[in-house]
Amino acid sequence: MEIEEARRGESGHVVCGSWIRRPKKVNWAIIARASKRRGSSSPPLLNIFSFDPITTSLSSSPLAIHELKESDGDPVAISVHPGGDYFVCSTSKGGCKLFEIVGGAMCVTVLAKELPPLQNAGLQKCMAFSFDGSKLATGGVDGCLRIMEWPNLTVILDEPKAHKSIRDMDFSLDSEFLATTSTDGSARIWKAEDGFPLSTLERSGDENIELCRFSKDGTKPFLFCAAQRGDVPVVNVYDISTWKKLGFKKLSRKSASTMAVSLDGKYIALGGKDGDISVAEVKTMEIYHYSKRLHLGQTIASLEFCPSERVMLTTSSEWGEMVTKLTVPKEWKEWQIYALLFCLFMASVVLAYVFFENSDSFWKLPMGKDQRRPKISLFGDSSTTPAEDHNKSLVSPLLGFGGNQRDPCSSSLKMLLPIRANDPKLRLVLQAVSDSKSSTDMNGGVSKEEEEKSDEYSQDMTQAMGAVLTYRHEFGMNYNFLRPDLIVGSCLQTPEDVDKLRKIGVKTIFCLQQDPDLEYFGVDIRSIQAYAKTFTDIEHIRCEIRYNKPLLAYMFWVQGYKLMEAHKILMSKRTCFPKLDAIRNATIDILTGLKKKTVTLTLRDKGFSTVEISGLDIGWGQRIPLTLDKGTGFWSLKRELPEGQFEYKYIIDGEWTYNEQEPFTGPNKDGHTNNYAKVVYDPTSVDGATRERLTSEDPELLEEERLKLIQFLETSSEAEV
């Protein structure tokens, strides 16, 4: 009876809406309504509706209705936790409220919870959960930015002057960065882990950045920003490794009021102030769907892709909520893919039979001498060298990732990269993002429960790891050959997988998988390791690393590949997103002996509020704050730098500039003038030239440099033992 009365009274306008992802690919939608105006007693409401993918519509009656108190005011914005059990709603009277969704498909209840850090935080314009669900960010009309850990709500950042007034925000796919935009047209990047301000996005004089969304497919590390260049609406694209603008594209006729990227990263959508929506394919940045005046000229308040369907949820104050099926290319169904593979297999069988029937010499092929299969390691046991395979290197074939340590005929070199993970000389080697797409070792029948678990894991890893991951655990271990003696693949799942790898000649297994992933699928890693120890011809070594880059460093340092060539080979077999600059810097640090010299930079104070430096050895995407000495009236920074020349720039109260009292360069190809610091230990030193050569786009190691790296790794291995 209470629900029916609430439904009859819910004539207030729709404020916003959002999808709620539920288990087994079920989707709900939450719609927030303001109270009816002009003295009506109808309260503000939060309604949860079920979604029917067959009819592409929301249910006629809500699954749950929650009535906000008069003291709360109207809802302003909503953010749903990725797990689908909680959402946060900001209200017009200031502050935010936390709600828990309890119950199943037929009986759903919304329970209000306490949210102490945000109870009296003021009007919050926007909110966002990180993709791994570990952080919550809120942006106030007053310009205050808050980042909190979830669910303990420990405050990471409480910056009252982050912007003039925060307009929009979004977390990166790996939850490492937070982008925010301001009503004054500026945009900033923050490090989510500690709230450190990394960069202010570049823009032209007449350009205002309004909305921001990170890419979500993991292979294209971009940040999309809807901007207004005078009267022209555009979408800017920024590289998140450097925060430099790569280009722009016009995707809408009028300025955008809201923006979204599909969960699989394939499509980007803009909702306009004229009620239009346009959907473009990220790969080509070409429009695939356009709905003119979908909300009949009214500003679209919220827009969001359905998590599992090509459907869009939009809202406006005048026309309420709408669900629109997108006219984009249909996705291949799983059974269609298997049908195609089956047809290809049958065609190959027919061709083989025809060849057999029509070839007199089919059984008379020359057999040659006995051919032994080379020793293979998951991350290398180099029994063949790049010199033999690619005429590339003179490195000894024994200098690989370990070989069999218990075989006296093998190299005495231990496992190189996983050792001494806490050594500062090796930390840069252990940072990258990786994705797995490969052939699979089929294990027979697969249950529906296993399929659903893999689907859920793939979606969670897509959000958490910054890469699209379609992992089918139920199909068993999978791997790809990068070279005859080097393969890369998933972790072992059972002790029997050890036998499978022994049969193909694997000598060393280098496992980087983290314990939470193994526990999720019930993988008993200890039994696998114990079983491997019963053999003398194979070794299993673990090193839990979130970012998987040792393989590229091994190919570059030991196997003799140029860095970009190794990257190309890896990408051709398994899609990933390694951070190449970290490998370059680690290489330089080791080869130059990690020598550093303290450099002091100073700037006379003129009433500045904040002074930061970008560039130097941290790159243009990060900043270091300077300290003001009120006695001398100078801002200063002391920094240890290796040999070489390092350009930098000051950011004074948010504005980029250079100091004319320090050495500065002429305008570069982009028209920028930068300060620079030149660090020289010995005029005859070759370290500066080495650094310049190895920071090029495609560095190649000299033979003596490669041997020095190998010696460093051997020394590190022996020291660890």
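A search of the whole structure finds zero disulfides, a disulfide being a pair of cysteine sulfur atoms within 2.5 Å. The structure is a predicted model, in which local features need pLDDT of at least 70 and side-chain atom pairs count only at pLDDT 80 or more, while totals for chains, interfaces and linings use all residues. Residues are numbered from 1 along each chain as its sequence is written, and side-chain values use heavy atoms, with hydrogens and water left out.

Cys 96 takes part in no disulfide, and the nearest cysteine sulfur, which belongs to Cys 89, is 7.9 Å away. Cys 96 is buried, with a relative accessible area of 4%; here buried means under 20% relative accessible area, exposed means over 50%, and partly exposed lies in between, as computed with a 1.4 Å probe on protein chains only. For Cys 225, the closest cysteine sulfur is that of Cys 212, and at 5.6 Å it is too far for a bond. Cys 225 also counts as buried, at 1% relative accessibility.

The next region to follow is a pair of strands. Helices (H or I, at least four residues) and strands (E, at least two) are DSSP runs, numbered from the N terminus. Strand S18, residues 207-214, has seven of its eight residues buried, and it is therefore largely enclosed by the rest of the structure. S18 pairs with strand S19, residues 222-229, in the antiparallel sense over seven bridges, where two strands are said to pair if DSSP finds at least two bridges between them. Within this pairing, Asn 208 stands opposite Gln 228 in S19.

Arg 229 forms a salt bridge with Glu 207, and the closest N and O atoms are 2.9 Å apart; a salt bridge is a side-chain nitrogen of Lys or Arg within 4 Å of a carboxyl oxygen of Asp or Glu. Because Arg 229 lies in strand S19 and Glu 207 in strand S18, the pair ties together parts that are 22 residues apart in sequence. Arg 229 is partly exposed, with a relative accessible area of 24%, whereas Glu 207 is buried, with a relative accessible area of 0%.

Elsewhere, Asp 276 forms a salt bridge with Arg 253, with 3.0 Å between the closest N and O atoms. This pair links distant parts of the chain, since Asp 276 is in the loop between strand S23 (267-272) and strand S24 (277-281) and Arg 253 is in the loop between strand S21 (244-249) and strand S22 (256-261), 23 residues apart. Asp 276 is buried, with a relative accessible area of 5%, while Arg 253 counts as partly exposed at 48% relative accessibility. A further salt bridge, at 2.9 Å from N to O, brings together the side chains of Arg 623 and Glu 612. Arg 623 belongs to strand S37 (residues 619-625) and Glu 612 to strand S36 (residues 611-615), so that the pair links distant parts of the chain, eleven residues apart. Both Arg 623 and Glu 612 are buried. Salt bridges that share partners join Glu 207, Arg 229 and Lys 245 into one network, and a search of the whole structure finds 20 salt bridges.

Another part of the chain holds an open sheet of four strands, in the order S14-S15-S16-S17, with antiparallel pairing. Its edge strands are S14 and strand S17 (197-200), each of which pairs on one side only. Strand S16 (residues 187-191) and S17 run antiparallel and are joined by three bridges, and Arg 188 has Thr 200 in S17 as its bridge partner. Ser 165 is placed in the loop between strand S13 (155-159) and strand S14 (166-171). This serine is buried, with a relative accessible area of 11%. Leaving aside neighbours within four places in sequence, Ser 165 is in contact (heavy atoms within 4.5 Å) with Gly 140, Val 141, Gly 143, Thr 181, Ser 182 and Thr 183.Finally, there are the nonpolar cores, each a set of buried Ala, Val, Leu, Ile, Met, Phe, Trp, Tyr and Cys residues joined through side-chain atoms within 4.5 Å. The largest has 27 residues, and those with the most contacts inside it are Met 555, Trp 557 and Leu 701. Helix H8 (550-557) is one of the elements that supply at least two residues of this core, and H8 gives the most, with seven residues. Apart from this core lies another, of 19 residues, including Leu 46, Phe 87, Phe 99 and Val 110.
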